[in-house]
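Try each one yourself before reading the solution.

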Amino acid sequence: MGVKVEVRNLSFSFGSIKALRGVSLDAYEGQVTCLLGPNGSGKTTLLKCVMGLLSPYNGSIRVGGREVSEMDRREAARLMAYVPQIHRAVFPFSSLSVVLLGRTPWISEISGPGEEDIRRAEEVMEELGISHLAHRPYTRLSGGEMRMVLIARALVQEAPVLLMDEPTAYLDFRYQSIVMDVVRRLADSGKTVLLSLHDPNVAAAYCDRIYVLDRGTVAGVLEGSLDKGILERVYGMELAQGSVDGRTFIFPRRGASRSSHRGGS
Ligand code: ADP
Ligand code: MG
């Protein structure tokens with residue numbers, strides 16, 4: 001059975017900085033729900049609030065009907081797996097050990113990971129095309145390779161809700177496709193996926209619903225197709241639009257950042 005994420009009138013501040021101002025959204029089982037928006041618009045803050053990593057917040061965040069602020073860490077980890085945007089690795093664990101950390105909510109503290117956990121971790125690494133990284137120290141991987149290992153760690157957690165903060169950042173075209181295809185498959189199999197993306201075209205290709213964030217608020221909700229007007233407004237620049245294989249693509253015009261019509265604020 002799937003688990004729904006319901007965010008209602010969520011506000012969160014870092015001191016005097018209002019990072020989220022009255023955000024409401026729903027992420028449903030069987031769907032990929034996307035947060036799209038400029039740097040600093042609140043995507044990471046929102047995902048961290050849902051994961052229970054930032055508190056106290058105002059408003060309500062319910063996952064499977066339970067308020068996130070009332071969950072303990074183990075309960076949250078059984079419901080939600082999280083791929084952070086930035087991850088500072090300290091110890092030179094093998095990549096396989098880092099992936100195995102994803103099994104923590106299911107492993108007894110006494111016995112540690114069993115054969116089944118290791119098999120699961122190896123299977124997911126194979127599916128993501130990163131088996132060759134298993135015995136390399138995580139701290140010495142490239143940014144994109146680290147990203148893939150963190151995604152594998154989240155997948156072995158086998159939580160019904162997957163929260164991913166810019167999962168395709170640093171990834172080459174091939175790994176981007178592998179990750180987004182896996183994400184799509186997981187959603188189709190009944191998981192609830194809530195992720196942030198930077199590329200509107202990737203978002204449109206894979207996601208069922210896109211929440212466009214702007215300065216801590218929802219500026220619009222897109223379903224099915226992109227809307228050049230709203231993206232021009234939130235990014236404060238002119239965009240170009242074209243069509244390939246019947247799909248619409250939106251991209252910045254060369255030099256368009258100089259024609260910014262948004263003004264500072
Ligand atoms: P995004 O992920 O969309 O780029 P963030 O959620 O990271 O945006 O940031 C939203 C706003 O909150 C930004 O203005 C950012 O500068 C601010 N912010 C994020 N983290 C912190 C922090 N730890 N302390 C103070 N301000 C922060
Ligand atoms: Mg971010």
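A residue counts as buried when its relative accessible area is under 20%, as exposed over 50%, and as partly exposed in between. Keep in mind that this is a predicted model.

**Exercise 1.** Work out whether D117 is buried or exposed, and what surrounds it.

*Solution.* Start by finding D117: look in helix α4, which covers residues 115–127. Next, take its relative accessibility, 10%; that is under the 20% cut-off, so D117 counts as buried. Now look around it: leaving out residues up to four places away in sequence, D117 touches L100, R103 and I107. With R103 there's a polar contact, side chain to side chain, at 2.8 Å.

**Exercise 2.** Describe how helices α5 and α6 pack.

*Solution.* First, the geometry: α5 (residues 143–156) and α6 (residues 173–188) pack at about 15 degrees, with axes 12 Å apart. Angles under 35 degrees count as roughly parallel, so α5 is roughly parallel to α6. Then the handedness: the crossing of α5 and α6 is left-handed. Finally, the contact: α5 brings M148, I151 and L155, while α6 brings Y175, I178, V179, V182 and L186. Sort these contact residues and you get eight nonpolar, no polar and no charged.

Note on methods
Residues are numbered from 1 along each chain as its sequence is written. Chains are lettered from A and ligands numbered from 1 in the order in which they are written. This is a predicted model: local features need pLDDT of at least 70, side-chain atom pairs count only at pLDDT 80 or more; totals for chains, interfaces and linings use all residues. Side-chain values use heavy atoms; hydrogens and water are left out. Axes are lines fitted to C-alpha atoms, for helices over the stretch in contact, and angles run from 0 to 180 degrees between N-to-C directions. Helices (H or I, at least four residues) and strands (E, at least two) are DSSP runs, numbered from the N terminus. Angles under 35 degrees count as roughly parallel, over 145 as roughly antiparallel, 65 to 115 as roughly perpendicular and the rest as oblique. A crossing is left-handed if the near helix is turned anticlockwise from the far one by less than a right angle, and right-handed if clockwise. Contact means heavy atoms within 4.5 Å. Ala, Val, Leu, Ile, Met, Phe, Trp, Tyr, Cys and Pro count as nonpolar, Asp, Glu, Lys and Arg as charged, and the others, Gly among them, as polar. Buried means under 20% relative accessible area, exposed over 50%, partly exposed in between (1.4 Å probe, protein chains only). A polar contact is a pair of N or O atoms within 3.5 Å; within protein, one must be able to donate a hydrogen and the other to accept it, and residues adjacent in sequence count only if both atoms are side-chain atoms.
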